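We will go from stop to stop, picking residues and looking at what surrounds them.

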Amino acid sequence: MATILKQGAHGAEVEQLQRMLHQAGYFGGDINGDFEWRTHVAVTKYQEAAGLHADGAVGADTWASLHAAAGPETGLRSQEHVHDYVDSAYGTLHSSMDPRARLDQLMHASLQELGELGVPVPDYDFDPSLSGTNTLAKFVASPTKWHIAVNPDRFAENVIEHLNEQQLGEIANTIYHETRHCEMTFREARAQAGLGHDAAALVTAMHIPQHIADSAAGSPITQSTADGASDEAIAGYESFYGTGAAATHATYASGDYQSYRQLYEEADAFEAGREVEVAWRHEGGVRGTVELHDHGDDVSYLQRGLTHLGFFHDTVSGTFEQSTHDAVVAFQAHYNMHQDGRCGELTWAQLAAVYSE
């Protein structure tokens, strides 16, 4: 779908957009086919979280990302693995560990989920060559490496203790993102084995270590045995190693972020990371923006929190009525915040901070 939708649009496609944003946790308004300001804000928030250009207009890249979000949640993209990882990673990133211990615990949380899927676990380490760059981590597969390299900068004690909730979530996201690359590379090798390629052919075509190729050849997957995962793996293989390889590597070399973000393998890993950030916000009590006339679980969660803190004295109904708006304003005033009565990221974060005291 290549239709570009923006504020002022109406119709069935806008309704579909609103449903997808609601399912992703970014839209709490009425699903009415009217692309108004609430929908624009939800699109912008989704684009920011998904690593897209956040202009509030829905073009091909945003449609592709939303459809990926609604697609099959295989492997590390399954909610079970995402939530297990976040449960472990959350405490690690809020601890007072030294940098190496923090990295070890965070990687253990991610690689444990990978190991449960039968994927050969990569080694990892801080990589000084990444220091000073915008690359937080990267997965490296070569004839001699099956490895996740990590930038040491944000793990430094004098840095990480000053990071906010969103920035800590980004670290957790990136580690999981790179672990998903590892999973998909191995699955691509298994799918090629399912098409009849032996370990030697995998080493030649994919430039992966011999032991990884041997493991993939020993556990091939096919369309009849992989619950559709082989289709995903074959598409990834074609993008990175097969018919699309030249274009893909040219995109990597170009340094153009938007083009890079839309590559098949990157869109998939970004989606895995986005699921981590969604779960991370919930783990810390930071949920989707809600305001007057909204309804749903996030509103109920907000009302219970404000009741516990003594700001809300009405029924926990799941409907954002005037009494909820007034309670949010009172909470915001008490903590010297902008008093707009909307519970967005900053208000959720303040609620989480109060609960952690």
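**Stop one: where two helices meet**

Select Tyr46, Ala49 and Ala50 in H2 together with Phe270, Glu271 and Arg274 in H13: these residues meet across the two helices, contact being heavy atoms within 4.5 Å. Helices here are DSSP runs (H or I, at least four residues), numbered from the N terminus. By class, this contact of H2 with H13 has four nonpolar, no polar and two charged residues. Ala, Val, Leu, Ile, Met, Phe, Trp, Tyr, Cys and Pro count as nonpolar, Asp, Glu, Lys and Arg as charged, and the others, Gly among them, as polar.

Before moving on, note that this is a predicted model, in which local features need pLDDT of at least 70 and side-chain atom pairs count only at pLDDT 80 or more, while totals for chains, interfaces and linings use all residues. Residues are numbered from 1 along each chain as its sequence is written, and side-chain values use heavy atoms, with hydrogens and water left out.

Now show all of H2 (residues 37-50) and H13. How far apart are their axes? The distance is 9 Å, and the helices pack at an angle of about 110°, with axes fitted as lines to C-alpha atoms over the stretch in contact and angles running from 0 to 180 degrees between N-to-C directions. H2 and H13 are therefore roughly perpendicular (65 to 115 degrees).

**Stop two: Thr39**

Stay in helix H2 and pick Thr39. Is Thr39 buried or exposed? Thr39 is buried, with a relative accessible area of 0%; buried means under 20% relative accessible area with a 1.4 Å probe, protein chains only. Leaving aside neighbours within four places in sequence, Thr39 is in contact with Leu17, Gln18, Leu21, Phe27 and Asp34.

Return to H13 (residues 264-283) and select Trp280, then Tyr90 in helix H4 (residues 79-93), 190 residues apart from it. Rings pair if their centres lie within 6.5 Å; planes under 30 degrees apart count as stacked, over 60 as edge-to-face and the rest as tilted, with the six-membered ring used for Trp. Tyr90 and Trp280 are both buried. The whole structure has 10 aromatic pairs. Next, select Tyr237, Phe240, Tyr241 and Tyr252, which form one aromatic cluster.

**Last stop: helix H14**

Finally, show residues 297-308, which make up H14. Buried residues here include Asp298, Val299 and Leu302. Just after H14, click on Gly310, whose phi is positive, at about 90°.

Notes
Buried means under 20% relative accessible area, exposed over 50%, partly exposed in between (1.4 Å probe, protein chains only). The expected span of a helix is 1.5 Å times one less than its number of residues. Angles under 35 degrees count as roughly parallel, over 145 as roughly antiparallel, 65 to 115 as roughly perpendicular and the rest as oblique.
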